[in-house]
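What follows is a short report for a reader who is meeting this structure for the first time. Please look at the sequence and the model before reading on.

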Amino acid sequence: MEKQEIRTFGRRHGKKLSARQQTLVDELLPTLKPTTGDILEIGFGAGEHVRFLAKNNPQSIIIGAEPFMNGVASLLSAITDEKNNTVFDEYKNIRIWADDVRDFLRETDSKFNQIWILHPDPWPKARHEKRRLLSAEFLNTLSKYLSTDGEIIIGTDHWEYFDWILEQIKSTDLTATIPDMEIIETRYQSKNKAGTDAPKYLILKN
Ligand SMILES: C[S@@+](CC[C@H](N)C(=O)[O-])C[C@H]1O[C@@H](n2cnc3c(N)ncnc32)[C@H](O)[C@@H]1O
């Protein structure tokens, strides 16, 4: 029997979507289903950074994966013109996987130049630690989807989770650097639930 995967995310649905958001989910989302791409963002929340990537990498296909449908609906609203629900030109390179990224990875043969994971759920209680997405097992899986010079870029303001990820990396063949970098503020970064001074970043390569 196949091993049951641990669920790494919380709820999939929040407050009721607006009529426009529901239309976008029903009609536009199916047309944005990804097959292959160049840059992947896992757990994009409301999608601020996916939009940033799309604008700044116009030649690349940007795939965002997120199972929380209200976040998906926020991104769909932000990339479309409310007059006619069509995607703005600068966002035409965005594709959306509205579910667990691990299901997408099983069906794509992409090799990504970048895989971004910003503010992964820290699951801070000891009994929930097994829900953390960035286990050695998952990092090993991700490493197979990197192009030759491809990078996994991780950011978190939860420093204890950061240290835990560093421990996980020891059980992989990935090499880690800790860059001094800043990126645009995502929704979770502005919440700063961990109460730390700033996010810490990690860049992983094969
Ligand atoms: C704390 S939020 C951060 C959202 C966003 N990156 C930000 O910085 O605002 C973590 C997100 O990861 C998503 N997530 C967790 N497990 C996931 C998985 N297996 N596949 C895709 N997304 C996942 C959750 O649904 C949640 O929206």
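With 206 residues, a compact globule would have a radius of gyration near 17 Å, and the protein agrees with this because its own value is 17 Å; the radius is taken over C-alpha atoms, and the globule rule is 2.2 Å times the number of residues to the power 0.38. Taken along the principal axes, the C-alpha atoms fill a box of roughly 50 × 45 × 35 Å.

This is a predicted model, in which local features need pLDDT of at least 70 and side-chain atom pairs count only at pLDDT 80 or more, while totals for chains, interfaces and linings use all residues. Residues are numbered from 1 along each chain as its sequence is written.

The protein contains seven helices and seven strands, and along the sequence they follow the pattern α-β-α-β-α-β-α-β-α-β-α-β-α-β. Helices (H or I, at least four residues) and strands (E, at least two) are DSSP runs, numbered from the N terminus. Of the contacts with a separation of 6 or more, 80% are between residues 24 or more positions apart, a contact being two residues whose C-beta atoms, placed from the backbone, lie within 7 Å.

Of the 206 residues, 37% count as buried. A residue is buried if 20 or more other C-beta atoms, placed from the backbone, lie within 10 Å of its own, exposed if 12 or fewer do, and partly exposed in between. Helix H3 (residues 69–78) is mostly covered, with seven of its 10 residues buried, and its buried residues pack against helix H1 (19–28), helix H2 (48–56), strand E2 (62–65) and strand E3 (94–97). In H2, the buried residues are Glu 48, His 49, Val 50, Arg 51, Leu 53 and Ala 54, and what covers them includes strand E1 (39–42), H3, strand E4 (112–118) and H7.

H1 and H3 pack at an angle of about 90°, with their axes 9 Å apart, where axes are lines fitted to C-alpha atoms, for helices over the stretch in contact, and angles run from 0 to 180 degrees between N-to-C directions. The two helices, H1 and H3, are therefore roughly perpendicular, a term that covers angles of 65 to 115 degrees. Their contact is made by Arg 20, Gln 21, Leu 24, Val 25 and Leu 28 of H1, together with Met 69, Val 72, Ala 73, Leu 76 and Ser 77 of H3.

Around the ligand there are 23 residues, and the closest are Phe 9, Gly 43, Gly 45, Thr 186 and Tyr 188; a residue is near a molecule if its C-beta atom, placed from the backbone, lies within 6 Å of it. Helix H4 (101–107) and helix H7 (187–191) each supply at least two residues of this shell, and the largest share, three residues, comes from H7.

Asp 163 is found in helix H6 (residues 159–169) and is exposed, because 11 other C-beta atoms lie within 10 Å. Arg 102 has its place in helix H4 and is partly exposed, because 15 other C-beta atoms lie within 10 Å. The table pairs each of these residues with another along the chain.

| Pair | Separation in sequence | C-alpha to C-alpha distance |
|---|---|---|
| Asp 163 and Lys 193 | 30 residues | 17 Å |
| Arg 102 and Phe 138 | 36 residues | 8.8 Å |

Technical notes
Angles under 35 degrees count as roughly parallel, over 145 as roughly antiparallel, 65 to 115 as roughly perpendicular and the rest as oblique.
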